[in-house]
Structure formats: structure tokens, C-alpha cells
Amino acid sequence: MAGVVGVVYHASELSTHGIFEKDTAGVLFLRLLAVVGGIFTLRGANWARWLLLTWIAYHVVLSAYHSPTELIMHAVLCAVTAWALFHRQANAWFHPQMC
């Protein structure tokens with residue numbers, strides 16, 4: 001969901017600035033990674049949950065250069081995301097043969 005909202009939000013920048021100004025292409029690429037990760041996670045692809053965890057961890061690193069509140073918020077979101085993607089019941093969904 002965050003990826004879709006981000007793509008829609010940053011797509012407006014394409015018409016006013018162009019794709020290569022202000023890192024718009026990189027931002028859109030990262031948002032599309034979130035969309036791909038979300039779709040394939042729902043389809044049960046193990047690699048996709050690692051992609052999503054890497055995506056949110058990257059945001060934690062980026063937020064270290066911003067306010068402490070933003071860093072804390074992203075760190076909490078990263079922890080919650082890791083728990084949601086890797087807790088015992090999630091592992092059973094991704095690896096039903098292990099149950």
C-alpha cells in the first residue's frame with residue numbers, strides 16, 4: 001500500500017520536473033520495489049518478504065539523516081514489519097511443509 005501511494009504521490013513530480021531531476025527516478029524505483037514486494041509477498045514468495053524488510057530498513061538508514069522523531073518512527077515500523085513478516089505463523093504461511 002505504501003508503495004502505491006508513494007508512486008501516485010511522486011508521479012506528479014514527473015510532469016513538473018522530469019524523471020531525472022530531484023532523484024525522482026530513484027524514488028519511483030524504490031516505491032515500485034515496495035509494490036512488487038507486496039504483491040509477491042501476498043503470493044507467498046519468500047524472497048519478497050526479504051525485499052520488503054530491506055526496503056523499510058533502507059528507510060531507517062535514510063531517516064537517520066533527518067529528525068530523531070522520523071528515525072524512531074521508521075525504526076518502529078521496521079520492527080513491526082519484521083515481526084509481521086517473520087513470526088511463527090507467517091513462516092508457516094511461507095513454508096507450509098515446515099508445520
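Me: What makes Pro68, Thr69, Ile72 and Trp83 of H4 count as exposed?
Reply: These residues lie on the other side of H4 and are exposed, a word kept for a relative accessible area over 50%, with buried meaning under 20% and partly exposed the range in between (1.4 Å probe, protein chains only). The helix itself covers residues 68-86, where a helix is a DSSP run (H or I, at least four residues; strands are E, at least two), numbered from the N terminus. The model is predicted, so that local features need pLDDT of at least 70 and side-chain atom pairs count only at pLDDT 80 or more, while totals for chains, interfaces and linings use all residues. Residues are numbered from 1 along each chain as its sequence is written, and side-chain values use heavy atoms, with hydrogens and water left out.

Me: How do you know that the buried residues of H4 line one face of the helix?
Reply: His74, Cys78 and Leu85 are buried in H4. Seen down the axis, the buried residues fall within an arc of 45°, so they line one face; the arc is taken over the directions from the helix axis to the C-beta atoms. As background, an α-helix has 3.6 residues a turn, so residues three or four places apart point the same way.

Me: What span should the 19 residues of H4 have, and how far apart are its end C-alpha atoms?
Reply: The expected span is 1.5 Å times one less than the number of residues; for H4 this gives 27 Å, and its end C-alpha atoms are 27 Å apart, so the two values agree. The 19 residues of H2 should likewise span 27 Å, which agrees with end C-alpha atoms 27 Å apart.

Me: Why is the pair of phenylalanine 40 and tryptophan 47 called tilted?
Reply: The structure holds 2 aromatic pairs, and in the pair of phenylalanine 40 and tryptophan 47 the centres are 5.2 Å apart, with 40° between the planes. Rings of Phe, Tyr and Trp (its six-membered ring) pair if their centres lie within 6.5 Å, and planes under 30 degrees apart count as stacked, over 60 as edge-to-face and the rest as tilted; the 40° value therefore makes this pair tilted. Phenylalanine 40, at 32% relative accessible area, is partly exposed, and so is tryptophan 47, at 47%.

Me: Why is the pair of tryptophan 50 and phenylalanine 86 also described as tilted?
Reply: Their ring centres are 4.6 Å apart and their planes stand at 55°, so the pair is tilted. It links distant parts of the chain, with tryptophan 50 in helix H3 and phenylalanine 86 in helix H4, 36 residues apart. Tryptophan 50 has a relative accessible area of 48% and is partly exposed; phenylalanine 86, at 21%, is partly exposed as well.

Me: Why is threonine 41 called buried?
Reply: Threonine 41 lies in helix H2 (residues 24-42), and its relative accessible area of 7% falls below the limit for burial, so it is buried. A polar atom of its side chain lies 2.6 Å from the backbone oxygen of glycine 37.

Me: What makes serine 63 a buried residue, and which residues is it in contact with?
Reply: Serine 63 has its place in helix H3, and with a relative accessible area of 1% it is buried. Leaving aside neighbours within four places in sequence, serine 63 is in contact (heavy atoms within 4.5 Å) with Glu70, Leu71 and His74.

Definitions and conventions: Polar contact = N/O pair within 3.5 Å; in protein donor to acceptor, adjacent residues only side chain to side chain.
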